[in-house]
Amino acid sequence: MADHRKMSLLLALALQCFLCGNAILPSFASPDSFLQCLSATIPSSLIYQQSSSSFTSVLESSVQNPKFLTNTTVRPLFIITPSDVSHVQAAVRCGRANGIRSGGHDYEALSYRSVNQEPFAVLDLARLRAVRVVPGKPSVWVDAGATLGELYYAVGTTNPGFLFPGGVCATVGVSGFVSRGGIGLMMRRYGVGGDNVLDARVVNANGDVLDRAAIGEDLFWAIRGGGGESFGVVVAWRLKLSPVPPTVTVVNSLRTMEQGGLADLLVKWENTILSPSLPTDLTTRVVLQERHALFQTLYLGRCSDLISTVGNVFPELGVTAADCNEMPWLRAMAFIYFDNTDTLIEALLNRTNRVGSNHYYKSKSDYVRRAMGKDAWEGLYQKWLSWNGNGQMTLEPHGGAVGGTNAAATSPYPHRRGVLFNIQYGSNWCCDANGTMAAAALRWLDGVYGYMEPFVTSSPRTAYANYRDLDFGRNVVGRDGVSSYWSGRSWAERYYMGNYRRLAAVKAAVDPTDYFRNEQSIPPLPKS
């Protein structure tokens, strides 16, 4: 039974990594003229048409959720795989001459499909994935096509005294992670990913490459959490690196309903987040599935100090020296993702998601600002979790640097002061994208999401932009080809809260014709 629980949790953790980072999706009146324009600057070997023998394999390399790779999915007419920034500029300029819309980074696959049934092309940035690390220097330039795993590996092997506070999933694209905020196990100490950006190189709507000084502070603020694809194509980021001790400690503590007291343990966990004595070097996230909970702890220090700290603030977890896994930060990132202390750090360079091609997935998210209490946790298990082994919830604690006094001005990620934790809900199924099992999985997801309504934020019920959810609505595009600011409020105020208007003002200043757009991109703020 223990092995079954472990395998279920591994599947749940893997399924939470369905994020990708392709940059743009041109929509055009004349595919032939678009192709002719591209071919004048970009080598033909980097352009794939639907008739190309490698078209399907290149497309599938970006598809993280096979739910969006069915016979009914609208596929791109072209895939462009630039190997140089000049190729990105050419794609933007050629798209401008023929009309264009933007892609994204999300569970809804807007980076490689068209929801609106219109012709489009994908600009796949996977070839642009260099990570330029200088030993001893507390910053790094990362190309937009790199994954978090590639970033971790480059930093951990070349600059081992530093880290980047990214997420758990190694296959997530750096650019998508950063451009929509970026939550992770180290954010209580160092803030979200968007808070740790020092500079960027952006291809704007005219096809020009601009850095922070040229784009200005308003746009620089917007791309670090407001969805970079709404404003241009970010081709590289300069990220701040933060110091990390030679040894960190990871502890995985599995608790079950059969052991008793699981709801009490969750009550203690949520109250621990509120404790002023909880150091920011310590984070414990929780994965709930079926009849158990996995408490996953990362401490930026040694086991002895962790035991002492947990003993003071969360003794009920019962951490002992035998539970500790001490290792360098880089190995810890591999262990947390792969759940195996013997996994080689080179595994972080694998860009392929660990979930098979016959598993489908739907996600939603919430934020909690007040402790839920024992009755709520018991009801959650009894009514929902205990009878669906394919559904899961991941709880990511906030506080610390995320909710610091000046944090709100750093980047558009708005879920700051007063937030206890983020919730990611996931429901997966096999092996039919739209069959009976899909219907059951989605009913469960809607049910648990409805159950949680009294315990989460309201007016609006907020959500995490990196867990994009088209259930909240999508942009309405007017006859002028510009997305409506007012229609965008249905989804944007959930993700960005009071920052939506400011983001729309930036959009109006840098892209008033809505050249870069998708179903949930920031619309321009109307002039009146």
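Predicted model: local features only at pLDDT ≥ 70, side-chain atom pairs only at ≥ 80, totals over all residues.
1. The link of Cys-303 and Cys-324 is right-handed, with 70° about the S-S bond, and the sulfur atoms of this disulfide are 2.2 Å apart, where a disulfide is a pair of cysteine sulfur atoms within 2.5 Å. Cys-303 lies in helix α11 (residues 303-313) and Cys-324 in the loop between α11 and β16 (325-327), so the pair ties together parts that are 21 residues apart in sequence. Helices (H or I, at least four residues) and strands (E, at least two) are DSSP runs, numbered from the N terminus.

2. Residues are numbered from 1 along each chain as its sequence is written, and side-chain values use heavy atoms, with hydrogens and water left out.

3. By the sulfur distance rule the count comes to three disulfides. Another of them joins Cys-37 and Cys-94, with the sulfur atoms 2.0 Å apart; the torsion about its S-S bond is about -80°, so this disulfide is left-handed. Cys-37 lies in helix α2 (residues 31-39) and Cys-94 in helix α4 (residues 85-98), so the pair ties together parts that are 57 residues apart in sequence. Cys-37 is partly exposed at 29% relative accessible area, while Cys-94 counts as buried at 3%.

4. The pair Cys-430 and Cys-431 is also joined by a disulfide, with an S to S distance of 1.7 Å. The torsion about the S-S bond is about 50° for Cys-430 and Cys-431, so the disulfide is right-handed. Cys-430 is buried, with a relative accessible area of 19%, whereas Cys-431 is partly exposed, with 45%.

5. For the chain as a whole, the secondary structure comes to 16 helices and 19 strands, and buried residues make up 62% of its 528 residues. Among contacts (heavy atoms within 4.5 Å) between residues at least 6 apart in sequence, 77% join residues at least 24 apart.

6. The accessible surface of the chain comes to about 19000 Å², of which 50% belongs to carbon and sulfur atoms; accessible areas come from the Shrake-Rupley method with a 1.4 Å probe, and for residues only the protein chains shown count as cover.

Notes:
Buried < 20%, exposed > 50% of the residue type's maximum accessible area, 1.4 Å probe, protein only.
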